[in-house]
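Student: I'm new to this one. Can you walk me through it?

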Amino acid sequence: GYSEYLNYRQIDSSERSRLASQAQVIEKNLAAQLFSADRALQGLRIELASRPSKSAVASPMDERLKLVSDTLTGISTVLMTNANGKIIHSSVASLVGFDTSGRDYFQQALKQRRQDTLFVSAPFTSALGKPSISLVREITGVHGEFVGVLLAALDPTFFGTLLDSIRFTPDTNISLVHGDGKLFVHTPVDAM
């Protein structure tokens, strides 16, 4: 019996160590993705702030957002809204004109008014019908007024691939869950 107990303790310790290593790999990859996306959003905010307001509207902002979306792995869409929540520029042309004013991410940025904060939304179904988590930065005008938001939507396919890459056995299930408990990605997909 004691031998079985020692064997159990060794397996338990080994599995805990393996899970901790997997969690560290996921954290490093997710942190890098979130940091890159946030830097891109901050860069776009700085770019917008340095332009006269009329040239920001007349600029090829849609192409700039498409370039950011295409360049950053794990990002499916980058967009910009006005102060009323209407999408005025997007890396996906069909989203221009969509009203985001009722979305939690827009309301959170509008109510909290924190220029230095990256808002991370709970998972939701995007206007394109895909599961999404959005990274949101507030845009302010020259007098500090709320002008809208910049948003980068995370691509669940990329994160599913990342999670799947660390599964060490076929019966391992891995999920990425928002702080409020809502599921964003689970692998394997057919296990849910």
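**A loop lysine to start**

Tutor: Leaving out residues up to four places away in sequence, Lys86 touches Met80, Thr81, Gly97, Phe98 and Asp99. Contact here means heavy atoms within 4.5 Å.

Student: What kind of model is this, and how are residues numbered?

Tutor: This is a predicted model, where local features need pLDDT of at least 70, side-chain atom pairs count only at pLDDT 80 or more, and totals for chains, interfaces and linings use all residues. Residues are numbered from 1 along each chain as its sequence is written, and side-chain values use heavy atoms, with hydrogens and water left out.

Student: Where does Lys86 lie?

Tutor: Lys86 lies in the loop between β1 and β2 (87-90). Strands (E, at least two residues) and helices (H or I, at least four) are DSSP runs, numbered from the N terminus.

Student: How far apart are Lys86 and Phe119?

Tutor: They are 18 Å apart in space, C-alpha to C-alpha, and 33 residues apart in sequence.

Student: New topic. How many salt bridges are there?

Tutor: The count comes to five salt bridges. The rule asks for a side-chain nitrogen of Lys or Arg within 4 Å of a carboxyl oxygen of Asp or Glu.

Student: Which residue forms a salt bridge with Asp12?

Tutor: Arg16 does, and the closest N and O atoms are 3.0 Å apart. Both residues sit in helix α1 (residues 2-49), four residues apart, so about one helical turn separates them. Arg16 is exposed at 57% relative accessible area, while Asp12 is partly exposed at 26%.

Student: And what do Glu15 and Arg18 form?

Tutor: Their side chains meet in a salt bridge, 3.6 Å from N to O. These two are three residues apart in helix α1, again about one helical turn. Glu15 is partly exposed at 28% relative accessibility, and Arg18 is partly exposed at 36%.

Student: What about Glu47, which residue is its partner?

Tutor: Glu47 forms a salt bridge with Arg64, with the closest N and O atoms 2.8 Å apart. Glu47 lies in helix α1 and Arg64 in helix α3 (residues 61-71), so the pair ties together parts that are 17 residues apart in sequence. Glu47 is buried at 17% relative accessibility, whereas Arg64 is partly exposed at 30%.

Student: Let's switch to pockets. How much space lies in the second largest pocket?

Tutor: About 240 Å³. A pocket is an open set of points on a 1 Å grid over the protein atoms alone, with protein on both sides within 12 Å along at least five of seven lines, and lining residues have an atom within 4 Å of a point.

Student: Is Thr77 buried or exposed?

Tutor: Thr77 is buried, at 6% relative accessibility. Thr77 is found in strand β1 (residues 75-81). Leaving aside neighbours within four places in sequence, its contacts include Ser69, Ser90, Val92 and Leu151.

Key:
Buried < 20%, exposed > 50% of the residue type's maximum accessible area, 1.4 Å probe, protein only. 1 Å grid on protein atoms, 1.4 Å probe; cavity = no way out; pocket = protein on both sides within 12 Å on 5 of 7 lines; lining within 4 Å. Points joined across faces, edges and corners; volume = space filled by probe spheres on them.
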